[in-house]
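Load the model in your viewer and keep the selection panel handy. We will go from stop to stop, and at each one I will say what to select and what is there.

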Amino acid sequence: MTSCLAPAFLSLIPVAALALPARADSTLSGFALTRSPNPAPSSVACSLPDGDFVSFDGQTVSRWNSDGTLDTTLASYSSFVFPSFIRLTPDEDAVVIGDSGGFSPNPAGDLRLVWLDGSGTSLVATLAYNFDGEFLPSGELLVSAAPSGFGTGTDLFRVDMSSGALTFLGHFDGPSGPVAVARNGDVFYGTQQDSALPATPQSVLRWSASLLAAGTPLTTSNASVYLTGLAGTSVLEFEPGRERLFLTENNFSTGSYRILRVRPGGQSSQQLLVADGWISSLRFERHGDGTFDAYQPGDGLRLAYTTTDFFSFDDLVHFAPARPQLALSGTGLAGVGPVSFSLTGGVPNGSALLTYCPQSALLPQETSYPLPGFLLRTPFLLASTLRMPFLVPTDANGSGSLTLWNPGGLKGQYGWQFLVGRPNGSFVGASDAEQF
């Protein structure tokens with residue numbers, strides 16, 4: 001199922017998107033960030049399979065093209081409500097939107113279907129102060145909410161999308177947190193700090209699908225702690241097709257705003273990104289077969305998130321793998337002389353291996369091969385690919401170079417590509433391919 005954005009925060013605060021000062025979220029080597037003003041400020045959004053996305057800002061549900069231009073308005077509310085979440089339905093013909101309520105005369109909070117063909121909306125259920133939702137394998141919707149009001153803790157519900165019937169699943173202390181559902185139906189929940197209590201580490205809890213199916217009330221005592229030591233999470237999102245959980249952690253007191261990737265099995269995580277403002281949303285976009293790993297092509301799987309200071313900026317950031325780049329230079333490109341193969345964007349203080357393939361064995365387009373450790377995308381026919389018998393070191397910036405001598409007969413003979421990896425030659429990615 002396509003991944004979607006989790007709840008926005010303080011969405012009534014106006015945002016100035018013009019004259020943005022320079023900002024610089026930071027990430028790991030092998031990834032790149034592209035930042036622009038958010039076309040749908042103060043909203044929640046959901047990716048669609050064709051690359052478009054749908055947003056809900058509390059009054060309008062809009063469909064956007066992948067380049068951020070408006071496609072169409074799908075639905076409008078007569079008065080403002082606080083947007084909670086938006087999810088693509090399993091059959092992909094509608095989105096379900098959650099609102100946590102508004103001002104009189106509509107203070108309640110609803111779950112509503114919005115059809116992607118523009119044919120309208122339908123009410124699923126009323127659930128006050130709903131916060132986040134995710135579909136279960138059964139097609140029912142898992143929702144976190146505080147229907148008894150703020151300060152009363154959080155309930156989890158299972159919502160039948162046909163009848164609107166709500167099934168109570170469990171209750172927890174603290175404000176409502178994000179939910180996620182694994183491919184096997186296990187349920188995940190991010191606990192939140194109760195502001196009335198001293199600061200304590202928060203956790204991501206997990207309940208098995210079998211426990212949920214048994215009808216056992218979900219509590220903190222029958223949950224396993226998947227990850228702890230957090231300041232609280234605002235988004236939980238599984239990477240499509242892989243059992244890797246991503247989360248956002250926002251800490252106003254320390255000014256720390258991060259995206260973490262939880263290692264398989266939980267208990268430990270990797271900090272992927274540090275932002276300069278509150279991260280209010282996170283969604284995956286699928287543009288190709290690349291994985292969300294360092295040094296992969298950037299046109300495969302990528303993340304989109306929004307970041308804001310609730311006053312001067314509300315930005316949309318695309319967070320994608322960054323493929324290393326190969327550049328050729330030298331008089332040997334035209335005839336006798338040296339040819340330099342320059343690599344940028346490789347592994348810092350790592351290594352690179354130059355590979356080459358006869359141009360007669362080049363495929364008309366790149367093909368992906370699942371190799372141990374990474375997905376190789378190359379136009380080379382693997383059976384015809386050759387490699388140098390030595391590694392090229394890369395510097396602290398991941399750059400390296402190798403110069404070969406063309407005696408006069410190399411032009412028009414080969415395609416060239418670097419594999420990049422750790423100092424011991426354990427490869428994790430590849431550059432683009434060049435010919436001469």
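**First stop: a buried pair**

Select R87, which is buried at a relative accessible area of 0%. Here buried means under 20% relative accessible area, exposed over 50% and partly exposed in between, with a 1.4 Å probe and protein chains only. Before going on, note that this is a predicted model, where local features need pLDDT of at least 70 and side-chain atom pairs count only at pLDDT 80 or more, while totals for chains, interfaces and linings use all residues. Residues are numbered from 1 along each chain as its sequence is written, and side-chain values use heavy atoms, with hydrogens and water left out.

Strands (E, at least two residues) are DSSP runs, numbered from the N terminus.

**Second stop: the sheet**

Follow β11 into an open sheet of four strands, ordered β11-β12-β13-β14 with antiparallel pairing. Two strands pair if DSSP finds at least two bridges between them. Colour the edge strands, β11 (130-135) and β14 (166-172), each of which pairs on one side only. Then select β13 (residues 154-159), joined to β14 by six bridges. Which residue of β14 stands opposite F157? It is F168.

The whole structure holds 23 salt bridges. Select E239, R242, R244, R261 and D293, which salt bridges link in a network. Within it, the side chains of E239 and R242 meet at 3.7 Å, N to O. E239 is buried at 2% relative accessibility, whereas R242 is partly exposed at 31%. Next, show R258 and E249, whose salt bridge is 2.6 Å from N to O; both residues are buried.

**Last stop: the rings**

Display F31, F246, F284, F292 and F319, a cluster linked by ring pairs. Rings of Phe, Tyr and Trp (its six-membered ring) pair if their centres lie within 6.5 Å; planes under 30 degrees apart count as stacked, over 60 as edge-to-face and the rest as tilted. The count comes to 22 aromatic pairs. Finish on F53, where R283 lies over the ring face at 4.4 Å from the centre; this needs NZ of Lys or CZ of Arg within 6 Å of the ring centre and within 35 degrees of the ring normal.

Conventions:
Salt bridge = Lys/Arg side-chain N within 4 Å of Asp/Glu carboxyl O.
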